[in-house]
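Hi,

Here is the structure I promised to pass on. Have a look at it first, and then read on for what turned up in it.

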Amino acid sequence: MVRLAVSSMFFHEYPIDEIFASVDEAGLTGIEFWIETPHFWLRDLPTGDLNAAVHAHPSLAPITVHAPVLDLNPCSINPRVAAASQQYAVEAVALAEEAGATVVTVHPGRRTAKRTPSAYDYERFEIYLARLHEAAKGRRVRVAIENMEPKVNSLLCTPEGVREVLDANPWLDFTLDVAHAMSLSTGEVYRYIDLCIDRIANVHLSVVENGKMHLPVMGSRAAAAIVRALSRAGYDGCLTLEIEDRNFAHPLSLEEKISLLQDERTFLEGCLS
């Protein structure tokens, strides 16, 4: 059965226990915990606090995890940056396993220069995938790579490219970011579903309007149709709301964030009924 979740980064400024309590109050049934959630990241990754929050909110378990990506690039031309970025992703796999997560989402990296990726960049990418594969061996958590926005230096931003990587790496799964695909066209989302449905382990759900990324889905006919298409195709994982809270006219209070998620939940439940 599809679970309705939200990224912990929607509650960017709140402590871990309050984030989990708020998601629970909103009536969602999952959470994607970003390791860079400030209250976790800036306190040197207190895994005991995360595990306690998961235990205290069983309706949100099992969680999913998002590996660190800010200021990082596992395919960087700078070998130290690449090594550090890859190490953070490897450690995220272990952390996700410890937290009982079902999926850990990773980003593919990008060419450092704003130019079309070269053979060198794809060599870095292969090294990165090999390290992730080694980290995933013997673990239950699924490693899922995410499609990026279609920018000139993106390494993984087309359905065909994702399918090629999945076929070459049977151990790897896929996180479909709807807004990243929708930034090109709504049709692009359906191409990802058609080509990659058998390997989709998580879905980041939001919409794009007038150039703004990661907006709420409530009232969006395009989002409703995509959710129904995923359901018809047999997807039964998390629909993870990835909403940018800075897109609103004013900073949202905690109560407003909970209320917005309740509205999103009601809309999505209607799409799935």
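Before the numbers, one term: a pocket here is an open set of points on a 1 Å grid, with protein on both sides within 12 Å along at least five of seven lines. Also keep in mind that this is a predicted model.

With that in place, the largest pocket holds about 1,200 Å³ of space. Its lining is made up of 38 residues, and those nearest the pocket centre are Trp34, Val69, Leu70, His107 and His180. If you sort the lining by class, you get 15 nonpolar, 12 polar and 11 charged residues. Which helix gives the most to that lining? That would be helix α4 (residues 79-98), with three residues.

While you are at helix α4, click on alanine 96, which is found there. Is alanine 96 buried or exposed? Its relative accessibility is 0%, and buried means under 20%, so alanine 96 counts as buried. Arginine 115 comes 19 residues away along the chain from alanine 96, and the C-alpha atoms of the two are separated by 33 Å.

On to the rings. The structure holds six aromatic pairs. One of them joins phenylalanine 10 and phenylalanine 11: the centres are 5.3 Å apart with 80° between the planes, which makes the pair edge-to-face. Phenylalanine 10 has a relative accessible area of 0%, so it is buried, and phenylalanine 11 is buried too, again at 0%.

Another pair is phenylalanine 20 with phenylalanine 33. Here the ring centres lie 6.3 Å apart and the planes meet at 35°, so this pair is tilted. What does it tie together? Phenylalanine 20 sits in helix α1 (residues 16-25) and phenylalanine 33 in strand β2 (residues 30-34), so the contact links parts that are 13 residues apart in sequence. Both phenylalanine 20 and phenylalanine 33 are buried.

Ring pairs link Phe10, Phe11 and Tyr14 into a cluster. Lysine 257 also lies over the face of phenylalanine 10, at 5.2 Å from the ring centre.

Last, the annotation. An unreviewed UniProt entry places the feature "domain: Xylose isomerase-like TIM barrel" at residues 21-261. In the model, that span is 43% helix and 16% strand, and its end C-alpha atoms lie 13 Å apart.

Cheers

Definitions and conventions. Residues are numbered from 1 along each chain as its sequence is written. This is a predicted model: local features need pLDDT of at least 70, side-chain atom pairs count only at pLDDT 80 or more; totals for chains, interfaces and linings use all residues. Side-chain values use heavy atoms; hydrogens and water are left out. UniProt positions are given in the numbering used here, feature names are shortened, and annotations may be inferred rather than shown by experiment. Helices (H or I, at least four residues) and strands (E, at least two) are DSSP runs, numbered from the N terminus. Rings of Phe, Tyr and Trp (its six-membered ring) pair if their centres lie within 6.5 Å; planes under 30 degrees apart count as stacked, over 60 as edge-to-face and the rest as tilted. Buried means under 20% relative accessible area, exposed over 50%, partly exposed in between (1.4 Å probe, protein chains only). A charge sits over a ring if NZ of Lys or CZ of Arg is within 6 Å of the ring centre and within 35 degrees of the ring normal. On a 1 Å grid over the protein atoms alone, a cavity is a set of points where a 1.4 Å probe fits but cannot get out, and a pocket is an open set with protein on both sides within 12 Å along at least five of seven lines; lining residues have an atom within 4 Å of a point. Grid points are joined across faces, edges and corners, and a volume is the space filled by probe spheres set on the points. Ala, Val, Leu, Ile, Met, Phe, Trp, Tyr, Cys and Pro count as nonpolar, Asp, Glu, Lys and Arg as charged, and the others, Gly among them, as polar.
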